Amino acid sequence: MTSPLLKVEGLTKEFAVRGGPPVQAVSGVDLSVAPGEAVGLVGESGCGKTTTGRMLVRLLEPTAGSITFDGRDITHLRGRALRPLRRDIQIVFQDPYGSLNPRHTVGSIVAMPLEVNGIKPPGGTRRRVQELLELVGLNPEHYNRYPHEFSGGQRQRIGIARALALNPRLIVADEPVSALDVSVQAQVVNLLRGLQRDLGLTFVLIAHDLAVVRHFCQRVAVMYLGKVVESGDREDIYAAPRHPYTRALLSAVPELGEGGQGRIRLTGEVPAPTDPPSGCRFRTRCWKAQEICASAEPELVPRGGSRQAVACHFPEPESAHAEGEAAHGAAG
Ligand SMILES: Nc1ncnc2c1ncn2[C@@H]1O[C@H](COP(=O)(O)OP(=O)(O)O)[C@@H](O)[C@H]1O
Ligand code: SF4
Ligand SMILES: [Mg+2]
């Protein structure tokens with residue numbers, strides 16, 4: 001097995017709030033991303049996805065836990081030591097309108113990372129910028145235009161070109177298509193897939209539903225209220241979700257089918273992260289909750305023989321295939 005490019009253990013972020021309890025935004029996330037792989041981080045709004053993504057790119061200082069990139073502990077790097085990392089790890093932001101300075105031309109926006117890092121590309125900055133624009137499917141002649149002259153999808157492409165400028169190895173894309181019309185979402189996702197394939201890029205793709213991730217990510221981690229509740233290979237997660245929350249998320253996207261287990265409607269809101277439920281954090285919305293769910297926190301562990309890990313005292317059965325094997329094994 002190749003060693004992971006990114007490894008996250010027990011990653012935690014608490015925000016201090018004046019005159020109140022701290023916000024437990026991220027509470028002990030484990031994540032491992034192999035080189036060239038795309039991992040989807042999925043969960044409803046408020047689950048801590050953006051906070052996790054910002055810690056990965058070191059825009060936010062973790063409260064606890066560790067981040068290892070290419071075998072090196074980068075959790076608390078500061079100042080000069082962070083600089084090489086700023087090249088290797090890039091972020092694409094959710095909002096293609098707010099993340100581009102409206103007073104700068106597209107050319108200067110995409111060139112900014114080069115300038116900040118004092119990099120003079122061999123053929124000149126303009127040529128490199130035009131190359132990048134072309135790479136993301138924009139007209140290279142448009143480098144003198146301003147963000148407002150572009151559509152939402154095109155603006156997100158500009159953000160992607162900027163993220164690519166320094167030849168990063170890992171890109172964290174925080175809901176890169178959530179703000180876009182459904183009709184252009186697939187085009188931008190296809191662009192990211194192409195980049196992963198052609199440039200060998202590694203991705204962490206953040207999304208609030210399982211639809212976007214489906215066609216891009218080889219592995220999926222589902223977050224609920226600051227914790228990963230289930231992770232596994234795409235095929236397993238979509239065919240046989242084992243955590244009730246994953247099942248509910250899948251159910252919310254009709255075209256993905258129902259994992260063969262009937263439709264579920266998730267009611268209520270994600271509880272406040274200042275006062276998360278005891279035991280299993282999902283228990284206040286879970287139709288399967290028992291007493292033990294309030295008293296004991298379920299650990300994220302592989303159950304059965306698969307690579308799928310689930311944090312639930314009463315997980316859904318394994319996929320029919322795996323179940324057959326397990327039954328066979330038990331009998332023999
Ligand atoms: N700077 C901050 N100060 C206080 N609370 C914050 C801050 N940033 C995020 N939060 C809270 O942390 C929780 C997780 O937020 P976020 O990571 O943005 O979730 P997501 O991206 O999954 O919607 C939310 O309850 C949010 O209100
Ligand atoms: S541990 Fe209990 S409350 Fe939590 S998801 Fe599983 S069954 Fe539901
Ligand atoms: Mg977010």
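Mentor: A pocket here is an open set of points on a 1 Å grid over the protein atoms alone, with protein on both sides within 12 Å along at least five of seven lines; lining residues have an atom within 4 Å of a point. Residues are numbered from 1 along each chain as its sequence is written, while chains are lettered from A and ligands numbered from 1 in the order in which they are written. The model is predicted, so to speak of local features pLDDT must be at least 70, and side-chain atom pairs count only at pLDDT 80 or more, while totals for chains, interfaces and linings use all residues; side-chain values use heavy atoms, with hydrogens and water left out.

Helix H2 (83-88), strand S6 (89-92), helix H3 (106-116) and helix H5 (152-164) each supply at least two lining residues; helices (H or I, at least four residues) and strands (E, at least two) are DSSP runs numbered from the N terminus. H3 gives the most, with four residues.

Let's follow H5 for a moment. Arg157 is found in this helix, and its relative accessible area of 15% makes it buried (under 20%; exposed is over 50% and partly exposed in between, with a 1.4 Å probe and protein chains only). Beyond its neighbours within four places in sequence, Arg157 is in contact (heavy atoms within 4.5 Å) with Val136, Gly137, Leu138, Gln187, Val188 and Leu191. Trp287 lies 130 residues from Arg157 in sequence and 41 Å from it in space, C-alpha to C-alpha.

Strand S6 leads us into a sheet. The open sheet of eight strands runs S6-S7-S8-S3-S9-S10-S12-S11, with mixed pairing; two strands pair if DSSP finds at least two bridges between them. S6 and strand S11 (301-302) are at the edges with a single partner strand each, so one side of each has no neighbour in the sheet.

Within this sheet, S9 has six of its six residues buried. Arg219, Ala221 and Met223 point one way from S9, while Val220, Val222 and Tyr224 point the other way. S3 and S9 run parallel, joined by four bridges, and Val42 has Val222 as its bridge partner. S9 and S10 are antiparallel over six bridges, with Ala221 partnered by Ser231. Two residues lie between these strands in their hairpin, where Leu225 takes a positive phi near 45 degrees. Further along, S10 pairs in the antiparallel sense with strand S12 (309-310) over two bridges, and there Glu230 is partnered by Val310.

Helix H9 (244-251) comes next. Eight of its eight residues are buried, so H9 is largely enclosed by the rest of the structure. Its cover includes strand S3 (38-42), helix H7 (210-214), S9, S10 and helix H8 (234-239).

Strand S1 (6-15), strand S2 (23-33), S9 (219-224) and S10 (227-233) each supply at least two of its lining residues. Leu31, Ser32, Arg219, Ser231 and Arg307 lie nearest the centre of its 20-residue lining, which divides into nine nonpolar, four polar and seven charged.

S1 and S2 belong to an open sheet of four strands, ordered S2-S1-S4-S5 with antiparallel pairing. S1 and strand S4 (64-69) share five bridges, and Lys7 has Thr68 as its partner. Leu6, leaving aside neighbours within four places in sequence, is in contact with residues including Leu31, Ser32, Thr68 and Leu170.

Key: On a 1 Å grid over the protein atoms alone, a cavity is a set of points where a 1.4 Å probe fits but cannot get out, and a pocket is an open set with protein on both sides within 12 Å along at least five of seven lines; lining residues have an atom within 4 Å of a point. Ala, Val, Leu, Ile, Met, Phe, Trp, Tyr, Cys and Pro count as nonpolar, Asp, Glu, Lys and Arg as charged, and the others, Gly among them, as polar.
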